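Here is a structure to read term by term. Each label is set against its cut-off.

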Amino acid sequence: MADEPGATEPDPTPLAAPADGVPEVAISDWQIADAAELLASGRGAFAVDAERASGFRYSNRAYLIQIRRAGAGTVLIDPVNHGGDPVQMLAPLAEVLGSDQWILHAADQDLPCLAEVGLRPPSLYDTELAGRLAGFERVNLATMVARLLGLGLAKGHGAADWSKRPLPPAWLNYAALDVEVLVELRDAIAEVLREQGKTDWAAEEFEHLRTAEPAPPRRERWRRTSGIHKVRNRRALAEVREMWTVRDRIAARRDIAPGRILPDSAIIEAALTDPKTVAELTKLPVFSGPKQRKQAGVWLDALAAGRADENPPELSEPQTGPPPAVRWSRRKPEAAARLEAARAGLTQLSEGVGVPAENLLTPELVRRLCWEWTPADDVTAAVEVFLRDAGARGWQRELVVPVLASSLSRPVSEESAGR
């Protein structure tokens, strides 16, 4: 049931405000206990959402939690502004929320910050992921609500600074609307998946998402500095690393997004220019402002430390997996040919079942398989074991193993291998 090019939909009915109005935000322990009691009086699944302050704060914590349940209505919870231990304060809420399924949209974004305050779902339904499995090209909440429910959500404040207090009424209205129709959206998209025979696939994906361990932090996070590709020598890279580290330390201490302490572009420019004095540093555009002039000594010290580093970083990040696929044709042409065949097969499969190729199997896992592959007597069994050990779900393996086994079994010609 993928989106049809050129298809027109009737204008959605505007949904400008929650049916029951915007509830008061629960802040104190007794207000949170009352909210938990109210939710306990309802029935069925919980529609859940959380608002963070990405781009404003260093942490990824939740600054507002929205929950709705049939028969109880919506509650808004402030998990940070009560002055106590959030896990302890929210314990009554956690107990109630542990009694039934959670419905979220893009659950992978909210589950970590909810777990941080002791809230974990006993079972999960992700309406965004369900939309992907259904083959929808656009899966943002407003688009899916319009398509499946015929309702138009007001423009949002999702990118706002939710650490702000007090929260403006318009923001609270937006937050309450985010959970207003999630139960109905779940029912609608679940029916689409049922018609497509994908209900069991979705159940496996939701459980995998619910139980997945957090990804380990990247070892050299400073290499994500925007514009770092311009830095071509190890001394300058050492300066980038040192400035990034100092900035990160300041940002964590003050709970401010690193880019608001010092933009990535300023770090790169300083490393390329390599100023030695305050005068030289403050000639650079960002550092000429009053705020950065006050911190000039901090950044000069970081540059000096990077300059004096006796063990500067390598130009390329140490590889923990296959190299970028663009290099395969020279380094391992037979792997490049395998990857080309596997991608073609998965693309065809994706179109046939109406599921994006990246949801059939992560691109990184496909690359690993093709790079590490060694011939086997039973190709199908070998692919099955590889994918199972890597965490691919049963429905994925059922679909992709025959396709990948066929791709890996093809003889590699000299032309396709680049020889």
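This is a predicted model: local features need pLDDT of at least 70, side-chain atom pairs count only at pLDDT 80 or more; totals for chains, interfaces and linings use all residues.

Residues are numbered from 1 along each chain as its sequence is written, and side-chain values use heavy atoms, with hydrogens and water left out.

Q: Why is Ala159 called exposed?
A: Its relative accessibility is 69%. Exposed means over 50% relative accessible area, buried under 20%, and partly exposed in between (1.4 Å probe, protein chains only). Ala159 therefore counts as exposed. Ala159 sits in the loop between strand S8 (151–153) and helix H7 (169–180); helices (H or I, at least four residues) and strands (E, at least two) are DSSP runs, numbered from the N terminus.

Q: What makes Glu220 and Arg223 a salt bridge?
A: Their closest N and O atoms are 2.5 Å apart. The rule asks for a side-chain nitrogen of Lys or Arg within 4 Å of a carboxyl oxygen of Asp or Glu. So the pair qualifies as a salt bridge. By this rule the count comes to 24 salt bridges.

Q: Are Glu220 and Arg223 buried or exposed?
A: Glu220 has 18% relative accessibility, so it counts as buried. Arg223, at 11%, is buried as well.

Q: How do you know that Glu314 and Arg234 form a salt bridge?
A: The closest N and O atoms of Glu314 and Arg234 are 3.5 Å apart, which meets the salt-bridge rule. This pair links distant parts of the chain, 80 residues apart: Glu314 is in the loop between H15 and helix H16 (328–331), Arg234 in helix H10. Glu314 is partly exposed at 47%, and Arg234 is partly exposed at 32%.

Q: Why does Asp389 count as exposed, and why is Arg388 partly exposed?
A: Asp389 has 58% relative accessibility, so it is exposed. Arg388 has 43%, so it is partly exposed. The two form a salt bridge, with closest N and O atoms 3.7 Å apart.
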